[in-house]
Amino acid sequence: MMRVHWTLKLRHFHNCLSVLILFCCLCGCSQESDVDDKLAGPVARIDQAEDGMVEAALLEITPNGGDDSDVEVHATIPVELELSESDVSSSLLTFGLLDEAGEFIGAMGGEYAVGKNSIVFTPAFSLVAGNVYMAILDLTRVGGGLHRLEWSVAAAAVDPPQLEQIFPTTGELPANHLKFYLIFDQPMRQGDIFKFFSLWCVDKEEFVGRPFRHTELWSEDGKQLTLWFHPGRQKSGVNLNVELGAILEEGLEYELRVDDQWSSLEGAPLGETFRKRFRAIAKDYVQPNPADWQFELPHQHSSEPLLVMANEHLDYALLKRGLTVKQAGNEVLGRIEIMADERGMRFHRATGQWSDGRVELSVNPMIEDLAGNSPSRPFEVDINEVAEDNKKVSFSFELPSR
Amino acid sequence: MKRLIGICLLSALAVTISISVAGNSETVAAEKKAKPVLENIQSGSVEFKRIGRMSFGPDGVLLVADVGSASVVAIQTGDSGPMKKLSKKVEDVDKKLAALLGVSAEDVQLVDMAVNKKSGTIYLSLHRKSDGVGAIATVSGDGELALLSLKKASYVRVPLPVKEGTVIRNITGVEFTNGRVLAAGQCNEEFASKIYSLPLPLTHGKSAEIYSTETYHVAHGRWETRAPIQSFVPYVEDGKNYIVGSFSCTPIAKFPIDDIESGAQIKGTSVVELGSGNRPVDMFTYEKDGKQWLVTNTDRFHHSRRPLGPSQYWGVRVDMSYLDAKDINEDAARRDVSQQAGPDGIEVVESLFFAKHVAKLSNKEMVVLRDDEGALDLEIAPLP
């Protein structure tokens, strides 16, 4: 709902329009409700100056394209002032945000178009819903008055965001666990977000100091956040780990908390604090080894899914690109469904059926367990020892017949 | 009355706040100069999915990382001087920037700062939290704030290449160096750093000639990590090109970047260790009395637990002869975290306390964006 407040200090009658508007106000005409009800457009409120004098409405704010957050500010310079072209400049017109106390915080940036008797200002950015802005036409330096016009952008009714899922879903995490994935149903507000996260040690009844790496890693749609424990504290022998200790202690229970004040991009807060409880178990330094996994193959001439079942919990995001499938040298297009507790993948071919013969499977060597170990390398590498132990990631199977 | 006076003053200030658009003649001149740097230049609106780190290059070209689209944008600013450095401290710059963007100070994230050494103009990349819109503001020598026009810009955008299925979600730096642009980035899921080399001229939409490397970082005695580079500077030694990168917690290492092929893994040489609990922010080098120094400022995130000085924001300068280190250098120098200086050639810089961002202006001065009890001030400070 668009709503405009006219707050004009009027000193002189200049035209019939201003007289009409003033008349409506003095007569108690509910111009506001008229417009709200009939036009759903701007409404006017005129504040009469103390001296009782009024002058023409010199300021007008108009939506630019029907949206009240994109506007143009039009200022009319009275011809009676007899200003030269050089007297009319952008400095006469200012537009900006009012703070919660109603104070003007400063001028917005934008583009000015200056004519002989007019100035048009277009803000460089959309106005933010729920805020009040003000246009100021200051003609006091050129023999005129000071004119102000408020513009309110109605707060849109938006649904509170939902934290749909936190990965890993398991309730037991290795004490050298690295990262969480938070999945929301709508884009969240980015920037300075880490004040909204905390880690509560249930057993010690205290918060863990500074556990998170303060780097925002967002998906392109703004719905998925990768939240890292600080790796410097999760790696053995790294200075932060030595000096401050690891974040998690084996055997203790913890709560990852997401504060209820964090809001969606549209400005709606979560509304309730989200808690994920888990217990820290023994650290994991062992590389995932796909040769130890189970593969459940589809039958020939079927469209059954192909199952890859790991013997441990794996990284949610990396699982989504964890497998490549070929038959007769050609890649089989399909989608990967992540199995419960992130313990494997279910590959669904996009179209058609499996043919006779063999299927070639390639597990992504970068796929990681919860502690960052992958088939290609452990998360922590001792430079004094032999280079990384690359695990087998390519497999070939004969598909069973029915 | 107070409100009225405030309005009048701000109204008067409005003359200083407008979009800075280079005039046609300046743009044409800038394009002529920038030809060796940019190619297939686009004209029009530049939008950032998530604006990031910046640096200033030759010919008035401003490099800006667009983290959201995993690309590097090079904007012709037409800003070629003359030098007019900031003449006085600008107080509460965060509030003034918020006003410029039409939101409250809490609704703006100041992402990075860069300085054009030819003009002294300061560039600030800004993120409007309420809608995710990116903006770039400038601060002129007399302290006036303005918006860099992104609607009528001359620019090129170069996407960073990724391996199939991977996505870059963080770009921690972007810098001009000999004949190319370097960028450092991180994938969303993998705790590993990528370095990108973009050959000049930067060509809009062209990324085929860009190669990426995965870096290994050697530090902390026994253990090798794969930490992402947080901040870096290009470095040339004996005609060979290196990246000097700073990592969380805060080892500094150098990586050779000549003669590496796409997809190669390069191992770094540890240079110095500045101590744990710090997140490096900016880096630059300067010369004084024939000696080269590396300056870096950091955010000490364990300040409350183990304070180093009066602020969580502090900085250090390092004698660049430390960069002569070879191979893995497991014996890299370590700063004594309990001392203001030492070992020799590693010194805490007093003027970098409270500095949230810092950029080199010359071999004598730097621009400092300083925390002032929650507000931000912008000022020039002498280099030690």
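Reader: What are the ipTM and pTM of the model?
Author: This is a predicted model, and it scores ipTM 0.83 and pTM 0.84.

Reader: And what is the mean pLDDT of chain B?
Author: The mean pLDDT of chain B is 81, and 76% of its residues reach 70 or more. Over residues 1-34 of chain B, however, the pLDDT is below 50, although this stretch has 65 contacts in the model beyond near neighbours in sequence. Where pLDDT is low, the predicted coordinates should not be read in detail.

Reader: OK, how many helices and strands does chain B have?
Author: The secondary structure of chain B comes to 3 helices and 30 strands. Of the 384 residues in chain B, 56% are buried, and among the contacts between residues at least 6 apart in sequence, 57% join residues at least 24 apart.

Reader: Which residues have the most contacts inside the largest nonpolar core?
Author: They are Val72(B), Leu97(B) and Ala183(B), in a core that has 137 residues. Apart from that core lies another, of 47 residues, which includes Phe167(A), Ala246(A), Val308(A) and Leu361(A). In soluble globular proteins, nonpolar side chains tend to be buried together.

Reader: Going back to Leu97(B), what does it touch?
Author: Leaving aside residues up to four places away in sequence, Leu97(B) touches Val108(B), Leu110(B), Leu124(B), Leu126(B), Ala137(B) and Leu145(B).

Reader: New topic: why is strand S28 of chain B largely enclosed?
Author: Strand S28(B), residues 355-360, is largely enclosed by the rest of the structure because 5 of its 6 residues are buried.

Reader: What joins S28(B) to S29(B)?
Author: A hairpin joins S28(B) to S29(B) through 4 residues. The two strands run antiparallel and are joined by 5 bridges, with S29(B) covering residues 365-372, and within this pair Val358(B) stands opposite Val368(B) in S29(B).

Reader: Which strands make up the open sheet there, and in what order?
Author: The open sheet has 3 strands in the order S28-S29-S30 of chain B, with antiparallel pairing. S28 and S30 (375-382) of chain B stand at the edges, each with a single partner strand, so one side of each is left without a neighbour in the sheet. The twist averages 20° from one strand to the next.

Reader: How many bridges pair S29(B) and S30(B)?
Author: S29(B) and S30(B) pair over 8 bridges in the antiparallel sense, and the bridge partner of Asp372(B) in S30(B) is Ala375(B).

Reader: Last one: is Pro365(A) buried or partly exposed?
Author: Pro365(A) is partly exposed, with 17 other C-beta atoms within 10 Å, whereas a residue counts as buried if 20 or more lie within that distance.

Reader: Where does Pro365(A) sit, then?
Author: Pro365(A) is in the loop between strand S24 (358-363) and strand S25 (381-382) of chain A. Not counting residues up to four places away in sequence, Pro365(A) touches Ser374(A), Pro375(A), Ser376(A) and Val393(A). The C-alpha atoms of Pro365(A) and Leu319(A) are separated by 11 Å, and these residues are 46 residues apart along the chain.

Methods:
Residues numbered from 1 in each chain as written. Chains lettered and ligands numbered in written order. Predicted model: local features only at pLDDT ≥ 70, side-chain atom pairs only at ≥ 80, totals over all residues. Core = buried A, V, L, I, M, F, W, Y, C linked by C-beta atoms within 7 Å. Buried ≥ 20, exposed ≤ 12 C-beta atoms within 10 Å, placed from the backbone. Contact = placed C-beta atoms within 7 Å. Pairing = 2+ DSSP bridges. Axes fitted to C-alpha atoms, helices over the stretch in contact; angles between N-to-C directions. pLDDT = per-residue confidence, 0-100.
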